[in-house]
Amino acid sequence: MSTLVNELKEKWEALKAENPHLRIRNAAVQLGVSEAELLVTNIGDGVTVLKPEFQNILPEVEQLGKVMALTRNDECVHERKGTYLNGDFSSPHAQLFVGEDIDLRIFLNSWKLAFAVVEGDKKSLQFFGKDGLALHKIYLTKDSNAEAFDAIVEKYKAENQNKAFVFEAIAPKPAEKSDSEIDTEGFIKAWTELKDIHEFLMMTRKFGVTRTQALRLAPEGFAKKIDNAKVVNILEDASEKNVPIMVFVGNRGIIQIHTGNVKKTLWHQQWFNVLDSDFNLHLDVTKIVEVWVVKKPSKDGEITAVEVFNSAGDPIVQFFGKRKPGTPESQGWKDLVAELEK
């Protein structure tokens, strides 16, 4: 290991001695490095570098059986237990796992590094971007096949386990155009003529609008800003009224989706949490800057979402009513959202 890596390892060890429960992501923030840079300091000591053959590794995850999938951004953590089923890697743009439990939209263009991590009795596969940001982690559970994990690690272990990693910064987002530069009339018309909610993102790109700018310029009645605190009401009301929902959390490399009921909700400091047996959500409400109720036409009728944004205008979490393509959204979800809009 290089002197720099050794120095970083010493600093991290000192931090852990002060605070044994400090999570690696928080330690990385305190030390001014990325999470992957900290992992690299433990290569050969519980951390194994894997070949970045994501399209081959991910389909083999099904062999692990029931695992816990973890996807997060700076404001929200989404943890879902289940088996990785029905992987589809045929598209160059977005790859999929579509199961009742593990439901993912993957953007492998943003993935760069892969590690296997063993910490005591915890085993995981962890995937990072070129800047060292954690994009997705897969943890074994008590029901997982540990032998299959070992086989995957052996099969995809990189030849060089002492490689000097070069991390690159991600280019900043382009500045938002002024509203006067946007073809607002064309944009409004395109929104009202949507037939599929998946066309929405392509529409924003076509007209050169950011996500939150799109909501400001929306056709009348299609987007309404609501109080930030009402995000908590969504989860509490869905739990109390037994309304099944969809919860989307992502980062630039992946979107992870929970579909179903939420039951146990509680506060811990500034975090509002769902703590169910197979689904956990941890939302830092202090980081919420805007919340919108957004309506999009589709061939299945109007689809309503509650979209939550941070200070950079990036989505933190999105909520929908549970539904499948070809069916309208439920009246229970419509009623729940109507309460939020009051």
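Mentor: Gladly! One definition to begin with: the domain bounds come from an automatic or database domain assignment. Keep in mind too that this is a predicted model. The assignment gives domain 1 (3-83 + 113-156) and domain 2 (179-264 + 282-341), and their centres, taken over C-alpha atoms, are 31 Å apart.

Trainee: What makes residues of domain 1 and domain 2 part of the contact?

Mentor: Contact means heavy atoms within 4.5 Å. By that rule, 19 residues from domain 1 and 19 residues from domain 2 take part. Together the two domains bury about 1500 Å², with 51% of it on carbon and sulfur atoms. On the domain 1 side, Glu75, Cys76 and His78 supply 42% of the buried area, more than any other three residues.

Trainee: Why is the pair Asp131 and Arg252 called a salt bridge?

Mentor: The cut-off is a side-chain nitrogen of Lys or Arg within 4 Å of a carboxyl oxygen of Asp or Glu. Asp131 and Arg252 meet at 2.4 Å, N to O, so the pair passes that cut-off. The count between domain 1 and domain 2 is 1 salt bridge.

Trainee: Where do Asp131 and Arg252 lie?

Mentor: Asp131 is in the loop between strand 8 (122-128) and strand 9, while Arg252 is in the loop between strand 11 (245-251) and strand 12 (254-260), so the pair ties together parts that are 121 residues apart in sequence.

Trainee: How do you know whether Arg80 is buried or exposed?

Mentor: Buried means under 20% relative accessible area, and exposed means over 50%. Arg80 has 6%, so Arg80 counts as buried. Asp101, its salt-bridge partner at 3.2 Å, has 34% and is therefore partly exposed.

Trainee: And what makes Gly44 buried or exposed?

Mentor: Gly44 has 72% relative accessibility, so Gly44 counts as exposed. You can find Gly44 in the loop between helix 3 (35-40) and strand 1 (47-50).

Trainee: Why does the pair Glu13 and Lys16 count as a salt bridge?

Mentor: The closest N and O atoms of Glu13 and Lys16 are 3.7 Å apart, so the pair is within the 4 Å limit. Both residues lie in helix 1 (residues 3-18), 3 residues apart, which is about one turn of the helix. Glu13 has a relative accessible area of 38%, so Glu13 is partly exposed. Lys16, at 27%, therefore counts as partly exposed as well.

Trainee: How many salt bridges does the structure hold?

Mentor: The structure holds 23 salt bridges. Lys112, Lys130 and Glu168 are linked in a network of them.

Notes. Residues are numbered from 1 along each chain as its sequence is written. This is a predicted model: local features need pLDDT of at least 70, side-chain atom pairs count only at pLDDT 80 or more; totals for chains, interfaces and linings use all residues. Side-chain values use heavy atoms; hydrogens and water are left out. Buried area is the accessible area (1.4 Å probe) that two parts lose on being put together, summed over both. Helices (H or I, at least four residues) and strands (E, at least two) are DSSP runs, numbered from the N terminus. Buried means under 20% relative accessible area, exposed over 50%, partly exposed in between (1.4 Å probe, protein chains only).
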